Amino acid sequence: MTILLFIVFLVLLLLGFPIAFALGLSSFVYILFSDLPLIVIPQKMYAGIDVFVLLSIPGFILAGNLMNASGITSRIIRFCNAILGHIRGGLGLANVGASMLFGGISGTAIADTASIGSVMIPAMEKEGYDTDFSCAVTATSSTIGPIIPPSLPMIIAATLTGLSVGKLFMAGILPGILLGLGLMLVTYIISVKRKYPKKTRVSYWTMAKSFYQAFWAIMMTLVILFGIIGGVFTPTEASIVAVIYAVGIGLFVYRELKLKMIPKIILDSAKMTAALMVLVGFANLFAWIMIVEEIPQLIADSLLNLTQNKFLLLLLINLLLLFVGAFMETIAALLILFPVLLGVALHVGVDPIQFAVIMVMNLVIGLTTPPVGVCLFVASSIGKISLEKISRAGLPFLIVSLIVLLLVTYIPEITLFLPGLFYD
Amino acid sequence: MKKYLDKILEWAVITSFIMMILTVILQIIARYGLPWSPHWTEELARFCFIYMVSLGAGLAVQERGYVNVTTLINLFPKKARYYMDNVILYSVILLMLFMVVFSIPLIEIVTLQTSASLKLNMGIMYFSMTCMGLFVIVYCFLELRNNFKRIRQPV
């Protein structure tokens, strides 16, 4: 009977049904065949959305879209170019650096790939970088975004389990930086081998000027982060502060945002939120059925029966999540699997904060895993190259991402050091 | 007709979003700058949020804003993809129809309760689910009509 739920879901997913409705329809079919009442459909949908922390999601999406409309992308890229451009492979390094800074603004890997890629891939091509390399750098580095705060997947993980959003945000910082540095190292080594160009060093004055421009974007992340950590405001309030901040910067500092652009930006952000929340609502229904059927317990038991060894268990979970992450949208996968797997992790003594970071990292690295990772698709369509080419070029980057993932999995301090410093 | 529906929904969504923002701003200001802080801000913000989502859910259908996995479906011929899209839209209509129908007894149950601080009838909150279902259905039908027009055009 329970197998019906999963089979219907997977079939619908593969047939191209939107994930939200695949979850809803499979739950619906299951309810029809069981003695559960149909009234749970609207009820669980409502219960899934009526959560105050979720209000921070439209806030962060809107703040990101406003910053984008203010021309933040080009400013961040200019700044990264100014400080990294004189090193060999400088544009590639700047691409990774921009993803690290931009991650604080957009919060989703796909948006990162699209907005940085559309500027960087043509620019790198013009300077003589191979297109497959440029696309691969763009796609893999965009996975840093959802790990560095503010991050939508982390907010979702917090909502699901009642973990502190502030702690999760802090926990993501070091892994994000580590991943960024790792990818920069690969970029540098390949650039030296292929003799990619370097630019002349810019003057300190230019560097300072470009820093001033990018400073406002970096400040936004810091205001959000320290506002939440310092207990000045809740995550939801922080997201709204970010909106006001973004409007202010766009109108008065960068002066590229026009008042009449704002309604359209609000509308687009609202539609994005609506689609995401329908997903959250139906995932809540799906998860509820799983709990009624005691499936999380079943999965936990069978995993624990397989092995009680923490090292092996985490490895198994990593493999499972990488596989799922390659197929499924990050937030959808998180909604279904995080509560299920958290129990297993807790059983072998993994800290829930660390586990949340491990899980988000797995799922976003899945986005760049061939042959199905969505970020690869986006980057390859911008660079107009085949999926095979970008997959091959992305391999060294993927390997480094996996190494960082293993470090984060097996060294708890990488995630827990900063939250411990600020919270306990 | 469709143009008016679009416009009305769009402005309703924008208004709810702005109201949500203003409510949260009031909450922050009240905590630090005002002698009193209203206890209803959180609830009002959630109310605006839920209506923003419910009214926007239909518009997102038009935008094709719902993420799906296209790996397999892209291997199909164009004609098959067209039929598949119609099957998806009809299935979503069916699902949402059940959501609308069963939101009514749900509203009847919760209508006896009032919300904690605004003293709003909870039926008003749950009515958002009826709206969500209805608008998603309407926009699925509009997409079906679009699909039909597209296939009849000589290529």
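Predicted model: local features only at pLDDT ≥ 70, side-chain atom pairs only at ≥ 80, totals over all residues.
Residues are numbered from 1 along each chain as its sequence is written, and chains are lettered from A in the order in which they are written.

E237(A) is placed in helix α12 of chain A; helices (H or I, at least four residues) and strands (E, at least two) are DSSP runs numbered from the N terminus. At 0% relative accessibility, E237(A) counts as buried, the classes being buried under 20% relative accessible area, exposed over 50% and partly exposed in between (1.4 Å probe, protein chains only). With neighbours within four places in sequence left aside, E237(A) is in contact (heavy atoms within 4.5 Å) with V232(A), V24(B), Q27(B), I28(B) and R31(B).

The contact between the chains takes 52 residues from chain A and 56 residues from chain B. Chain A and chain B bury about 4900 Å² between them, 83% of it on carbon and sulfur atoms; this buried area is the accessible area (1.4 Å probe) that two parts lose on being put together, summed over both. Across the interface, 8 residue pairs are in polar contact, both residues being at pLDDT 80 or more. The elements that give two or more residues to the side of chain A that touches chain B are α1 (2-14), α2 (19-33), α3 (40-49), α4 (56-69), α12 (235-253) and α13 (262-292). Of these, α13(A) gives the most, with 13 residues. By class, this side of chain A has 40 nonpolar, 7 polar and 5 charged residues, with Ala, Val, Leu, Ile, Met, Phe, Trp, Tyr, Cys and Pro counted as nonpolar, Asp, Glu, Lys and Arg as charged, and the others, Gly among them, as polar.

Over all chains, 11 salt bridges are found, each defined as a side-chain nitrogen of Lys or Arg within 4 Å of a carboxyl oxygen of Asp or Glu. The interface of chain A and chain B holds 3 salt bridges. One of them joins E63(B) to K271(A), with the closest N and O atoms 3.1 Å apart. R46(B) likewise forms a salt bridge with D50(A), at 3.1 Å between the closest N and O atoms. This pair crosses between chains, from helix α2 (residues 41-62) of chain B to the loop between α3 and α4 of chain A. R46(B) is buried, with a relative accessible area of 17%.

Within chain B, the side chains of D85(B) and R64(B) meet in a salt bridge (2.9 Å, N to O). D85(B) lies in helix α3 (residues 78-110) and R64(B) in the loop between α2 and α3, so the pair ties together parts that are 21 residues apart in sequence. D85(B) is buried at 17% relative accessible area, whereas R64(B) is partly exposed at 41%. Salt bridges that share partners join R64(B), D85(B) and E143(B) into one network.

Definitions and conventions:
Heavy atoms only, no water. Polar contact = N/O pair within 3.5 Å; in protein donor to acceptor, adjacent residues only side chain to side chain.
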